[in-house]
Amino acid sequence: MSFGRLPLDAQIAAFRATLARNEPLMEVLARAVKLDLPGWYLTAGCVFQTVWNVVTGRPPTEGIRDYDLFYFDDSDLGWDAENAVIQAGERAFHGLPAAVEIRNEVRVHLWYEDHFGIPCAPYTSTEAAIDSFAATTCCLGIRVDGNGRWRIYAPHGLADVFNLVVRPNPVLAPRGVYEAKTQRWREQWPGLTVLPWPGDAP
């Protein structure tokens, strides 16, 4: 039976077991705890692509370009404060076989329009940033607290990621971003079912 058809508690257990097969991801989680960043999550491709790899019988780290670590600190919106955290992260994650990209989500609205061509309202939390990913399947965040307890943010559930279904999430990212990402993902994971952007002809 597909993990996506299991009861939710079993899906969560399968999700954790699947991610545990990605050794660099687990090491990033362990080291991130020590940084103690406010509202942090490991998120984006390193999470859902690990699941896709395991489900399709690939090595858990295949095709994963970096590990995105989001946090939310509204005490200082300046670049210097964020850069200090990035530098601390470079020291904390030194020696890992993959890059860790650290970003303070409170600052995203300051550069988003220049990068993507549309304005972005200020985020109110890391969760709000995760909610705005181009596909609902990508809206996943994980962290571990000081007691080793997992915290999983999955506003759209886990079934789609296990079932290799990619759904558009037209709340912020433009259609072109979704289509560029899904084209790239299909080349790596041809078994994906990519649903069309809303309004496309069937």
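1. Surface first. The accessible surface of the protein comes to about 10100 Å², and 51% of that area belongs to carbon and sulfur atoms. Keep in mind while reading that this is a predicted model.

2. Overall dimensions. Taken along the principal axes, the C-alpha atoms fill a box of roughly 45 × 40 × 30 Å. The radius of gyration is 17 Å, which agrees with the value near 17 Å that a compact globule of 202 residues would have. Of the 202 residues, 45% count as buried. As for how the chain folds back on itself, take the contacts with a separation of 6 or more: residues 24 or more positions apart account for 71% of them.

3. Secondary structure and the sheet. The protein comes to eight helices and seven strands. Five strands form an open sheet, and if you want to trace it on screen, the order is β3-β2-β1-β4-β5, with mixed pairing. At the edges sit β3 (99-104) and β5 (150-153), each of which pairs on one side only. On average, neighbouring strands of this sheet are turned by 30 degrees against each other, direction ignored.

4. A walk from β1 to β5. Strands β1 and β4 run antiparallel and are joined by two bridges. One place to look is L42, whose bridge partner in β4 is I142. Now stay on I142 and look towards β5: there the bridge partner of I142 is I152. So which strand does β4 (residues 141-144) join through four bridges? That is β5, and β4 and β5 run antiparallel.

5. The turn and the helix across it. Strands β4 and β5 form a hairpin with five residues between them. In the turn, G148 has a positive phi of about 80 degrees. Helix α1 (residues 8-19) lies across both β4 and β5, and α1 runs at about 110 degrees to β5.

6. D36 has a phi near 55 degrees, a positive value in a residue other than glycine. Where does D36 sit? D36 is in the loop between α2 (23-35) and β1 (41-43). L164 also has a positive phi, near 60 degrees, and is likewise a residue other than glycine. The place of L164 is the loop between α7 (159-163) and β6 (165-166). Buried or exposed, for each of the two? D36 has a relative accessible area of 63%, over the 50% cut-off, so D36 counts as exposed. L164 is at 13%, under the 20% cut-off, so L164 counts as buried.

7. Salt bridges. How many salt bridges does a search of the whole structure find? The search finds seven, and three of these are described here, starting with R103 and E101. The closest N and O atoms of R103 and E101 are 3.5 Å apart. R103 has 31% relative accessibility and counts as partly exposed, and E101 is partly exposed as well, at 29%.

8. The D160 and R167 pair. D160 forms a salt bridge with R167, and here the closest N and O atoms are 2.5 Å apart.

9. A salt bridge inside a helix. The side chains of E179 and R175 meet in a salt bridge at 2.7 Å, N to O. Both residues lie in helix α8 (residues 175-188), four residues apart, which is about one turn of the helix. E179 is partly exposed with a relative accessible area of 35%, and R175 is partly exposed too, with 38%.

Technical notes. Residues are numbered from 1 along each chain as its sequence is written. This is a predicted model: local features need pLDDT of at least 70, side-chain atom pairs count only at pLDDT 80 or more; totals for chains, interfaces and linings use all residues. Side-chain values use heavy atoms; hydrogens and water are left out. Two strands pair if DSSP finds at least two bridges between them. Axes are lines fitted to C-alpha atoms, for helices over the stretch in contact, and angles run from 0 to 180 degrees between N-to-C directions. Contact means heavy atoms within 4.5 Å. A salt bridge is a side-chain nitrogen of Lys or Arg within 4 Å of a carboxyl oxygen of Asp or Glu. Buried means under 20% relative accessible area, exposed over 50%, partly exposed in between (1.4 Å probe, protein chains only). The radius of gyration is taken over C-alpha atoms; the globule rule is 2.2 Å times the number of residues to the power 0.38. Accessible areas come from the Shrake-Rupley method with a 1.4 Å probe; for residues, only the protein chains shown count as cover.
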